[in-house]
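Please work through the exercises below with the sequence and the coordinates open side by side. Each task is followed by a solution in steps.

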Amino acid sequence: MMYSTSPTSKSSAVSNSSAFSKELPQQIFTRRQVIPLQNDVLWRIEHGAVRTLTWSEDGTFITLGYWGLGDLIGYPLSRVKPYQIECLTGVEVSIVPPHLWHQNINALLSHIQQTEDLLSIVHQKPISLRLWQFLMWLSEKFGRDIDKGKLIDLNVTHQDIAEVLNTTRVTITRLLQQLEEEGTVLRHKRCIILRLPNKLIRNFN
């Protein structure tokens, strides 16, 4: 079950300069810690990865996005309530006040583009295609090349993936096992390796 997909645009939202980053106040958060919400502050990720999420009245989590180096996150970018920013790794962020938002226009545009990328993936059918395209998206954003393929350098659980793709953990487990049996997915500790053809790997660099 090998699905192809057109590579999405890589985020151009990296820090304007290391010097500029150092001028901003920074904070460090640990894995699974929740970044506090402020109406007049955006956070720029300097290291690590987070996800933004909300939840329904019955307590079902709904993932809104996955964010990494250079991305801007924060409550001013969303009208969703409730809204939460959860650290998937140790995270270092810079605090970007409103009078500096105009200097981060590329990161703001990238936020919109990535949200639409993920939205288009979530509506793919069948679910097997949805899963494969999501893994490809993660490999572009958080992946690195290794001898065996593309390592998604992010610890996401089957439940995390199910919440993004609007399906069940059991379904994700079954589909991942099928991909492993076919040799298109390998496991490395708690991370996932995609066995992409060499040509496709080059396209994602």
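A polar contact is a pair of N or O atoms within 3.5 Å, where within protein one atom must be able to donate a hydrogen and the other to accept it, and where residues adjacent in sequence count only if both atoms are side-chain atoms. The model is predicted, so that local features need pLDDT of at least 70 and side-chain atom pairs count only at pLDDT 80 or more, while totals for chains, interfaces and linings use all residues. Residues are numbered from 1 along each chain as its sequence is written, and side-chain values use heavy atoms, with hydrogens and water left out.

**Exercise 1.** Determine which side chains make polar contacts with Ser-94.

*Solution.* Begin by locating Ser-94 in strand 8, residues 91–96; strands (E, at least two residues) and helices (H or I, at least four) are DSSP runs, numbered from the N terminus. Next, take its accessibility: Ser-94 has 0% relative accessibility and therefore counts as buried (under 20% relative accessible area, with exposed over 50% and partly exposed in between, for a 1.4 Å probe and protein chains only). Finally, list the partners: the side chain of Ser-94 joins that of Gln-26 at 3.0 Å and that of Glu-46 at 2.7 Å.

**Exercise 2.** Decide how helix 2 and helix 3 are oriented to each other, and describe their contact.

*Solution.* The axes, which are lines fitted to C-alpha atoms over the stretch in contact, with angles from 0 to 180 degrees between N-to-C directions, come within 9 Å and cross at roughly 155°. The two helices are therefore roughly antiparallel, since angles over 145 degrees count as such, whereas those under 35 count as roughly parallel, 65 to 115 as roughly perpendicular and the rest as oblique. Taking contact as heavy atoms within 4.5 Å, Gln-114, Asp-117, Leu-118, Ile-121 and Val-122 of helix 2 meet Arg-130, Gln-133, Phe-134, Trp-137 and Lys-141 of helix 3.
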